[in-house]
Amino acid sequence: MKITKIFRSAAALVLSATLCGCSIKFGTNIKPENSKLVAQPTDSALTEKLGVTYAEFMNDYTYNLEVLGIKDDSEASVAETCKSRRKAIIESLILEKVCQLKAEEYGVSELTEEEDAQAKAAAENLINERIEYFAENADYGSADKSTLTAEEKLKRGGEELDKALAQYGFTRDEYYEKQKRYMLGFKVMKELGEELGRSEAEKIFDEYAKIGKETYESSVSDYEQSNLSNYYIPEGSRLIKHILLGFDDETISSLKTLRSSGDNEEADKLRSEKAEALADKVNEVIEKLDAGEDWTTVSNAYTSDTSGNYSYPDGYLVLPNGTTFMAEFQEAAFVPEKIGDRTTCVTDYGVHIVLYSADAKIEETDKQILIESIFASLMQQEFVSKTNEWIKEYGFYDNMDYDTLKIDKPEEEQSSQ
C-alpha cells in the first residue's frame, strides 16, 4: 500500500473531511467500537499520536458513500469503488497523523495567525456546507418544509449535523482539527523543500532550455509541436497579432478543394477576387488603427479569429523559419521593421492585418515562475517519497486492521507469511 495521496485541495476536502448522519450499510461486519484502532505504528509509545481509530475512518468513509449515493458498499456494482475509497481514506488519515508528528520534529507544529485563520475559515465553510445539506435533507415529519424560514431550516440542519458527529464521538471542532492537520502537512512539505533547495529546479529549467535549443536546431517542426518554447525561444522570433477579415466558409472550402486538386492557378484567382471584395472593410479597419483606436478593441470588433485573441492575447509566436503558419502569413510577420509597425497579407483564410507586437523572448519573471513550478513539483515528489519512507518505518503495513477496513493486504506482506 503506497501512500501517494497529497493533501487535497479545498474542493476535494469536502469529500474527505466531513460526516454524514444517514444510515449506510458497511458490509456485514459487526460495528466495532469507535475507539478501535484500525491502523497503528509498531512502536506502542507512538500509538496515541499516530493511531487511527475506527471513528476517524468512518468519519470520512460514510461521507464519501453519501456523496456517491451509495447505501450498501457490498453491492457488486460498487464494491470495487468502495474498496478503493477505503484504501485512499486510510492512507490519507495515516498521512495526516505522520505529518502532525513530523511537524513537531521539524519545529513547525505551531500555526501562524494567518495559517490558523485559514484553517478556521476552511473548517467554517465545511460546517456551513454540511448544515445546509442536512437542512435540505432532514426529515421534517408532518411539518410543511416550504413554510419554514431559512433560519429554522438551518437550525434543524445544525442539530442533525451535531447528531451525525456525536455518533463517532466528535464535535464541530473536528473540522478545525482536521484542517490544522492539512496545514501542518503543507508546512512539512515546505521544510522538505528547504532541505531540497531550488538549485535542482534551476538545473532542470536549464536542461530543458538546452533541449529546446537542440530540438529547434535539428527540427523546427518538432520544436513547434513541443512545449519547449516555455524554456527556449530562438533569437529573432516575434509575437504577431493580426486582425483577420475572413472569407466565408464556402470560399474557404472551395480554395481547399482547388489546392488539393493541384489547381493553384484557379485558387489564386478566386482568392484575389474575394480579397478585393474585402478592400473597403480592410481600409475601414486600417483607418481606425491609424486614428489611434485601441488595437484590441478594433480587433475584437472585426476579426474572424476571436479564439486567437483569447488564447494568445500577446500575439502568436512566429519563428524566423517557422512552419506552423501559412507561407504568406509567415513572410508577412517579418515585413514590419519596428515593433508597432503593420502590414497586410492574404491567405486562403482571408485578409490579415498584421502587427509586429513584440520580440518573443522568455522574460525573467516568466522564467522564475516556471522554476517555482518545477520546484513545487520536486517538493511534492520529495514529500511523497519521504512520507512513504516514514510510514514504512513506523510499521503501519504490519499493523493495519485489513479485515475491519475490508481492504487487501499488500502482496509483499501476503507472500512473506
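Is Val351 buried or exposed, going by its relative accessibility?

1. In this predicted model, Val351 has a relative accessibility of 6%, and because buried means under 20%, Val351 counts as buried. The residue is found in strand β6, which spans residues 350-359.

2. The surroundings of Val351 can be described through its contacts: leaving aside neighbours within four places in sequence, Val351 touches Ile243, Leu244, Leu245, Ala275, Leu278, Val282, Cys345 and Val346. Phe247 lies 104 residues away from Val351 in sequence, yet the two C-alpha atoms are 8.0 Å apart in space.

3. Strand β6 belongs to an open sheet of four strands, which follow the order β4-β3-β6-β5 with antiparallel pairing. At the edges stand β4 and β5 (342-347), each of which pairs on one side only, and the twist from one strand to the next averages 40°.

4. Within this sheet, β3 (residues 238-246) and β6 run antiparallel and are joined by nine bridges; in one of them, Leu244 has His352 of β6 as its bridge partner. Helix α13 (residues 295-302) packs on the sheet, where it touches β3, β5 and β6, and its direction makes about 35° with that of β3.

5. The largest pocket has a volume of about 690 Å³, and of the 26 residues that line it, Ser229, Leu239, Tyr312, Gly315 and Leu317 are the closest to its centre. The lining consists of twelve nonpolar, eight polar and six charged residues. At least two lining residues come from each of α9 (220-224), β4 (316-318) and β6, with β4 giving the most, namely three.

Definitions and conventions:
Residues numbered from 1 in each chain as written. Predicted model: local features only at pLDDT ≥ 70, side-chain atom pairs only at ≥ 80, totals over all residues. Heavy atoms only, no water. 1 Å grid on protein atoms, 1.4 Å probe; cavity = no way out; pocket = protein on both sides within 12 Å on 5 of 7 lines; lining within 4 Å. Points joined across faces, edges and corners; volume = space filled by probe spheres on them. Nonpolar A, V, L, I, M, F, W, Y, C, P; charged D, E, K, R; others polar. Buried < 20%, exposed > 50% of the residue type's maximum accessible area, 1.4 Å probe, protein only. Contact = heavy atoms within 4.5 Å. Pairing = 2+ DSSP bridges. Axes fitted to C-alpha atoms, helices over the stretch in contact; angles between N-to-C directions.
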